Amino acid sequence: MPINQSMDLGLLRAALDDAGAPWQISYTSMTALTEEERVLRLGVPPTPGLDPEELENDKESRAQAARMATADSVGAPAAFDLRSAGADYTTRVKDQGGCGSCVAFGVAGAMEHVARYTRRAAGLAVDFSEAHLFYCHGRNAGARCNTGWWPDQAYNACRDIGITFGDYYPYTAGDQACSGLNADWPNRLARVVSWENLNNNPARMKEFISTYGSITACLDVFQDFFSYGGGVYRHVSGGYAGGHCVVLVGYDDSAGCWIAKNSWGRGWGTGGYFKIAYGECRIESYQTIGATGVRLRAWLPDQQVVSLWSNEADGNVWTYGSVRGWLKLDGGNLVTNQAMLAELAASKAANRAVGLFEDDGSVQQIYAW
């Protein structure tokens with residue numbers, strides 16, 4: 001990554017004034033760092049063969065294409081924000097620290113959102129392990145803190161193998177040889193159902209966001225981005241710093257912008273979020289990926305049994321957990337299913353919470369008090 005001379009924030013303010021103040025400058029968690037430390041918090045390799053001096057040559061045509069590809073053209077709403085889509089389906093803003101692991105945060109964060117939104121379960125306890133994704137799967141692919149990684153490779157790993165939850169491998173910044181992974185991780189796992197490359201297709205990006213909740217996107221970062229404090233970001237000043245990966249959680253056709261969650265902590269942007277104008281920083285074309293769903297294999301604690309349902313078919317028995325929603329009882333045989341049904345019915349009658357072990361939409365085990 002290039003290391004530029006630090007920006008003069010006074011000159012940046014003047015450049016913003018000249019540009020009509022499209023966004024607000026702020027002293028952020030990133031402006032407090034040295035230029036070398038800031039660059040280390042990126043983490044997507046430069047596009048092979050692309051000259052940084054030419055990154056903005058077709059910015060206006062990209063912006064026009066994104067504006068013309070209205071959400072309405074694919075049956076999506078004209079504006080969408082996962083934080084206010086009937087409920088707030090986002091998960092907490094995290095901080096990647098001094099490691100170029102943004103791809104792990106951009107992918108795991110999108111998976112968390114998709115898991116919640118596709119189930120319409122805003123309270124679903126999903127906190128996936130960026131450490132597992134970057135320090136295990138990424139490391140196997142050659143990724144290190146100073147090299148970064150690519151989202152498509154991360155999505156392949158999340159589809160083919162999966163990643164565990166954060167409590168089974170908590171994240172700390174710094175290269176690790178998959179050293180903190182809990183040996184029981186296959187029983188606490190999230191896997192992508194499938195993924196689609198959305199590059200250069202802003203209409204499809206909007207359709208994916210409004211259907212599944214979030215997508216992962218890369219963008220070119222220029223020095224002024226580190227001092228973003230609100231508004232709709234457009235590059236106005238400063239040199240190219242490197243590539244970065246974020247989670248797109250919404251868009252607004254009337255304002256002509258995407259809404260994104262970053263991984264630089266809540267002390268940057270607007271509580272860790274930012275808006276970026278259509279066409280800026282190759283946000284639609286660097287590398288953009290959407291997942292169609294997330295499979296879960298994990299214990300779901302503290303579920304109130306809201307409903308039970310069955311019909312004349314012995315194996316067709318379902319329970320509705322207060323946070324998770326409908327799950328099919330599938331303990332492997334009729335006797336186990338009947339035993340689980342009896343325990344769940346008793347817990348429902350007594351208004352007692354239960355624990356459910358889900359494996360991709362089915363309940364294999366329960367515990368009840």
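Cysteine 145 is buried, at a relative accessible area of 9% (buried is under 20%, exposed over 50%, partly exposed in between, with a 1.4 Å probe and protein chains only). A disulfide joins cysteine 145 to cysteine 99, S to S 2.1 Å (a disulfide is a pair of cysteine sulfur atoms within 2.5 Å). The model is predicted: local features need pLDDT of at least 70, side-chain atom pairs count only at pLDDT 80 or more, and totals for chains, interfaces and linings use all residues. Residues are numbered from 1 along each chain as its sequence is written, and side-chain values use heavy atoms, without hydrogens and water.

**Disulfides**
- The count comes to 2 disulfides.
- The torsion about the S-S bond of cysteine 99 and cysteine 145 is about -90°, so this disulfide is left-handed.
- Cysteine 99 is buried, with a relative accessible area of 0%.
- Cysteine 136 is joined to cysteine 178 by a disulfide, S to S 1.9 Å; with 90° about the S-S bond, this link is right-handed.
- Cysteine 136 is buried at 5% relative accessible area, whereas cysteine 178 is partly exposed at 28%.
- In sequence order of the bonded cysteines, the pairing is 1-3, 2-4.

- Cysteine 102 is buried, at 0%, and cysteine 257 is buried, at 1%.

**Arginine 120**
- Arginine 120 is partly exposed, at 48% relative accessibility.
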